[in-house]
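Please consult the sequence and the structure shown below while reading.

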Amino acid sequence: MTEVPWRADVDWSQYEAVVIRTPWDYQDDPEAFLAVLETVEASGAKLTNSLEAVRWNLDKTYLRELEASGVPIVPTLWGDALTPEALAGFFRDLGSEIVVKPTVGANADNAFRLTPEADMSGVLGVFHDRPFMAQPFVRSVVDEGEFSLFYFSGAYSHSILKTPAPLDFRVQEEHGGTIRAIEPEPSLREAGDRALAASPEALLYARPDFVRMQDGSWALMELEIIEPSLYFPFDEASPTRFADAFVRWMDDA
């Protein structure tokens, strides 16, 4: 196995397979990232997950398709340019605390948690000409956390719970979040299976992330298939499951 930065000048044809794993800066230049993946696919190397899957998943508007397929998501409003008038409408429609974030993004970059009394200059500056999504702030994110389930070649592997640091709402480790392994409730497993089944094609790996809504139901935050941390240290058998899934994936190619 060789680790190769996606921005490197590489002859991809020397590889039998290229597995997208941790390109955590792709959101800074998504068009360049897609161009590299096009080069990988043209080289003859087997790209996983596929270019078409990445194109679909790169912009979080894919959540609208999953919702139309019957997968519950956090209520979301979408826009291409944020204005003060639009923000005021979001508080009316979504509640007194909202989150605004980019439709192409990762690591909670440019995610704003807002109340009507907040200084809006930052969020208005970031999204004055950039597509965004607005959602009600889901209180369980700070009270309980965000749940991630991992699937390798369609089979469930393991789960974790990510909890933000005190006074924060971002669950990522780089923002001070904590992580622990969990055994998911049956209803959460069912929600994960449903989200995976609604994806447009078979996937080598996928990580659906869920939050618990006020009524106790599960809502999908995202179905991550481009660069998810797979959190192997939280389940000692998970690396073997992933390796076995990869071997089967290549045998079926």
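## The segment before β1

The side chain of Q14 reaches the backbone oxygen of D11 at 3.0 Å, a polar contact in the sense of a pair of N or O atoms within 3.5 Å; within protein, one atom must be able to donate a hydrogen and the other to accept it, and residues adjacent in sequence count only if both atoms are side-chain atoms. Q14 lies in the segment before β1. With 54% relative accessibility, Q14 counts as exposed; here buried means under 20% relative accessible area, exposed over 50%, and partly exposed in between, with a 1.4 Å probe and protein chains only. Between Q14 and A243, which are 229 residues apart along the chain, the C-alpha separation is 21 Å.

The model is predicted: local features need pLDDT of at least 70, side-chain atom pairs count only at pLDDT 80 or more, and totals for chains, interfaces and linings use all residues. Residues are numbered from 1 along each chain as its sequence is written, and side-chain values use heavy atoms, with hydrogens and water left out.

Helix α1 comprises the 14 residues 30-43. Helices (H or I, at least four residues) and strands (E, at least two) are DSSP runs, numbered from the N terminus. At 1.5 Å a residue, α1 should span 20 Å, and its end C-alpha atoms are 20 Å apart, which agrees; the expected span is 1.5 Å times one less than the number of residues.

The buried residues of α1 are P30, F33, L34, V36, L37 and V40. They cover an arc of only 155 degrees around the axis, which puts them on the same side of α1; the arc is that of the directions from the helix axis to the C-beta atoms. Their cover includes β1 (17-19), β2 (46-48) and α2 (51-58), where contact means heavy atoms within 4.5 Å. The exposed residues E31 and A42 are carried on the face turned away from the buried side of α1. Just after α1, G44 adopts a positive phi of about 100 degrees.

## The four-stranded sheet

Four strands form an open sheet in the order β3-β6-β4-β5, and their pairing is antiparallel; two strands pair if DSSP finds at least two bridges between them. The edges are held by β3 (77-79) and β5 (112-114), each with a single partner strand, so one side of each is left without a neighbour in the sheet. Neighbouring strands are turned by 20 degrees against each other on average, direction ignored; axes are lines fitted to C-alpha atoms, for helices over the stretch in contact, and angles run from 0 to 180 degrees between N-to-C directions.

Strands β4 (residues 98-102) and β6 (residues 132-136) run antiparallel and are joined by five bridges. P102 stands opposite F132 in β6.

Six bridges link β10 (residues 205-212) with β11 in the antiparallel sense, and R212 has W218 in β11 as its bridge partner.

S148 belongs to strand β7 (residues 146-152) and counts as buried because its relative accessibility is 0%. Its side chain makes polar contacts with the side chain of K162 at 3.0 Å and with that of D209 at 2.5 Å. Leaving aside neighbours within four places in sequence, S148 is in contact with H158, S159, I160, K162, R207, P208 and D209.
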